[in-house]
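Trainee: I would like to go through the labels used for this model. Please show it first.

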Amino acid sequence: MLLVAGAAAQGLLERGQEAERKGLVDLAEGYYRQAADSSSDARRCLGLLLERKGHFSDAMHCLATADSTAVTMAHLSVCQAECGKWADAKRSAEKAVELAGDGHKKECSMAMATLALENCHTGNYTNAMNWANRALETDPASARALNVQGIIHYKRGNDKEAIKSFRQALQTDPENIDAYFNLGSMYCYRRNPDMAITTLRKGLKIERTSVKLFYCLGWAFLIKGETDKSIECLENVIRLDSGYVNAYNRLGDIYFERADYNQALAYYRMAVRKDPEMGEAYRLMGRTFAEMDDFSRAIRNYQKAVELDPQDSDTYCKIAELYDHKKQPKRVEANYKRAAKLGNVQAQQWCVKHGVAY
């Protein structure tokens, strides 16, 4: 793309902002994209717009190359968290909190909510709730903080309080896509796909291109047994945001269940191409090759998965089982020992039965 001259880029940026004020989101996005190569402000505006649409990987790339203000850092942390880039999300959120002054309470609260979510991800729920409470103290109207609070309640096993927080988020902001997504997810976890579908469709009326809502809707249809509709939703996710890696894995899972292993592998490979550090995709490829009785390739993919996540004790057990098929007892023992040291009960039982110290 040819660079747009400074004055022209500024003009495109202003046209985009005016279009956005009028609710002409697609037109605004077009103007921002034309100016993005030449204007940091345009990249920031484009990133914020894509974030609102739920296109987090694209938004993350735009914001990462924009300015380093509290606003940009706070929103960047949100997108990084959505993409599972937890270390990056933590750094960006900490920077946003550091930069935020009295004039940026909303962004400061947003960053604190990201720090709460990062602590929740690592299982430190006390710190997570402390950050969520601080976020609400900073901005009592923060729907994001309420959403994160709900996620922490869910992780602690308190579904009732989780749903209450998500509903409070919608009361605070009736158009909050995260709240629709989280409520839809809760109904999926509770195996109530009809309520999930109703909730998610309400959200899609507000934001018709939300990848999060389409992804969760695909999950709801899958629970209901309507796999063709699930595939349609997940393909919509990829069409809207080709970097939404989990959608490739879920499509692969559907085809795996249909015993269409070649198609399943095609989607898992797409996930790896998009994110070479996606350990889950390697694990799923290992499972698929094992089902095809291709034990050598199954082992290679499982080994790649544990290279990326050395704490994955279940996968060490899978590797051990495959080496058992290949009649390689030393490697069977070595992998069960690794899993046993990580606390895997199945592996520990195997070690006890075979008199192997771990």
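**Labels and their cut-offs**

Mentor: Start with two helices (DSSP runs of H or I, at least four residues, numbered from the N terminus). The axes of helix α11 (residues 177-189) and helix α12 (residues 193-206) come within 8 Å and cross at roughly 165°.

Trainee: What makes α11 roughly antiparallel to α12?

Mentor: Angles over 145 degrees count as roughly antiparallel. The axes cross at roughly 165°, so α11 is roughly antiparallel to α12. The axes are lines fitted to C-alpha atoms over the stretch in contact, with angles from 0 to 180 degrees between N-to-C directions. The crossing is left-handed; that is, the near helix is turned anticlockwise from the far one by less than a right angle.

Trainee: Which residues meet between α11 and α12?

Mentor: Contact means heavy atoms within 4.5 Å. I177, Y180, F181, L183, G184, Y187 and C188 of α11 meet P193, M195, A196, T199, L200, K202, G203 and I206 of α12. The residues of this contact divide into eleven nonpolar, three polar and one charged. Here Ala, Val, Leu, Ile, Met, Phe, Trp, Tyr, Cys and Pro count as nonpolar, Asp, Glu, Lys and Arg as charged, and the others, Gly among them, as polar.

Trainee: What should I know about the source?

Mentor: This is a predicted model, numbered from 1 along each chain as its sequence is written. Local features need pLDDT of at least 70, side-chain atom pairs count only at pLDDT 80 or more, totals for chains, interfaces and linings use all residues, and side-chain values use heavy atoms, without hydrogens and water.

Trainee: How many aromatic pairs does the structure hold?

Mentor: Six. Rings of Phe, Tyr and Trp (its six-membered ring) pair if their centres lie within 6.5 Å; planes under 30 degrees apart count as stacked.

Trainee: Why is the pair of Y255 and Y267 called stacked?

Mentor: The centres are 5.8 Å apart, with 15° between the planes. That angle is under 30 degrees, so the pair counts as stacked. Y255 lies in helix α15 (residues 245-257) and Y267 in helix α16 (residues 261-274), so the pair ties together parts twelve residues apart in sequence.

Trainee: What makes Y255 buried?

Mentor: Buried means under 20% relative accessible area (1.4 Å probe, protein chains only). Y255 has 15% relative accessibility, so Y255 counts as buried. Y267, at 9%, is buried too.

Trainee: How do you know that Y336 and W350 are stacked?

Mentor: The planes are 25° apart, and the centres 4.6 Å. Y336 is in helix α20 (residues 329-341) and W350 in helix α21 (residues 345-353).

Methods. Angles under 35 degrees count as roughly parallel, over 145 as roughly antiparallel, 65 to 115 as roughly perpendicular and the rest as oblique. Rings of Phe, Tyr and Trp (its six-membered ring) pair if their centres lie within 6.5 Å; planes under 30 degrees apart count as stacked, over 60 as edge-to-face and the rest as tilted. Buried means under 20% relative accessible area, exposed over 50%, partly exposed in between (1.4 Å probe, protein chains only).
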